[in-house]
Amino acid sequence: MSIWFSTGVILITLSGCSNTPPAASAQDNICDIIEHDRHWYYAAKKSEKKWGTSVPILKAFVYQESRFVHNARPPREYALGFIPLPRRSSAYGFAQAQNPAWHDYQKATNNYSARRNNKYDALDFIGWYNSVSNKRNGISLGDPYNLYLAYHEGNGGYSRKTYNQKPWLLDVAKKVRNQAWRYENQLKSCQVAPRICLWPFC
């Protein structure tokens, strides 16, 4: 195998693995998201098979949490206009996972190398978290509204129904549900090429 062929295989395999988010105008259409980077589909499908949350629901969570920005985090406030203050939370990455939940995920899955700015790890985290919500609170994996409430409030908060004191959060959960439904309808018409998995880039 020539060095040029080997290099070509690597470039083909890694193409579409960029952290550049899809354009804002494309984020409402799951087919456009997949066309921008097919790994959004492969990663979501892998999580779906492992944990049971569908591709459209997984994508709706990412849309709401980070708008597909790999290093998204809460804005930082400044004292006197220039002294940086601590961020409101440790939420980071595609899934906006906070430090405690991410550490729980790493421990539960024995995946200590997982990174919050990696598509595959972030979508695996969302799938894992929803599976915990299903086990602890009996939330259907096909119920994006209640899954998101548990995702935002934590499963303890969900069981205490803390979301009832947050009308704005109920509105956000409805948006996530509607986005998941929209993605589900769109996904039926998407053209997704089969993944070519070449070691060691699988």
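The protein contains 8 helices and 2 strands. The model is a predicted one. Read from the N terminus, the elements follow the order α-α-α-α-β-β-α-α-α-α. The protein has 202 residues, of which 43% count as buried. Among contacts in the protein with a separation of 6 or more, 53% are between residues 24 or more positions apart.

The packing of helix H5 (residues 99–109) against H6 was examined next. The axes of the two helices come within 11 Å and cross at roughly 90 degrees. Because angles of 65 to 115 degrees count as roughly perpendicular, H5 and H6 are assigned to that class. On the H5 side, the contact is made by Ala 101, Trp 102, Asp 104, Tyr 105, Ala 108 and Thr 109. On the H6 side, Asp 121, Ala 122, Asp 124, Phe 125 and Trp 128 take part. By class, the residues of this contact comprise 7 nonpolar, 1 polar and 3 charged.

Helix H6 spans residues 119–137 and also holds Ser 133. The relative accessibility of Ser 133 is 0%, so this residue counts as buried. Beyond its neighbours within four places in sequence, Ser 133 is in contact with Gly 138, Ile 139, Leu 147, Ala 150 and Asn 155. With Asn 155 there is a polar contact between side chains, at 3.2 Å. Leu 149 lies 16 residues from Ser 133 in sequence, and the C-alpha atoms of the two are 9.9 Å apart.

Two glutamines of helix H8 (residues 167–187) were considered, one of them Gln 186. The other, Gln 179, is also placed in H8. Gln 179 has a relative accessibility of 5% and therefore counts as buried. Its side chain makes a polar contact with the side chain of Asp 28, at 3.5 Å. When neighbours within four places in sequence are set aside, the residues in contact with Gln 179 are Gln 27, Asp 28, Ala 60 and Tyr 63.

Gln 186 has a relative accessibility of 16%; as the limit for a buried residue is under 20%, Gln 186 counts as buried. The side chain of Gln 186 reaches a backbone atom, the nitrogen of Ile 30, at 2.9 Å. With neighbours within four places again left out, Gln 186 is in contact with Asp 28, Asn 29, Ile 30 and Cys 31.

Most residues other than glycine have a negative phi. Phe 68 has a positive phi, near 70 degrees. This residue is located in the loop between helix H4 (55–66) and strand S1 (78–79). The relative accessible area of Phe 68 is 1%, and the residue is therefore buried. A positive phi is also found for Gln 96, with a value near 50 degrees. Gln 96 belongs to the loop between strand S2 (83–84) and H5. With a relative accessible area of 13%, Gln 96 is buried.

Methods
Residues numbered from 1 in each chain as written. Predicted model: local features only at pLDDT ≥ 70, side-chain atom pairs only at ≥ 80, totals over all residues. Heavy atoms only, no water. Helix = DSSP H or I, 4+ residues; strand = E, 2+ residues; numbered from the N terminus. Buried < 20%, exposed > 50% of the residue type's maximum accessible area, 1.4 Å probe, protein only. Contact = heavy atoms within 4.5 Å. Polar contact = N/O pair within 3.5 Å; in protein donor to acceptor, adjacent residues only side chain to side chain. Axes fitted to C-alpha atoms, helices over the stretch in contact; angles between N-to-C directions. Parallel < 35°, antiparallel > 145°, perpendicular 65-115°, else oblique. Nonpolar A, V, L, I, M, F, W, Y, C, P; charged D, E, K, R; others polar.
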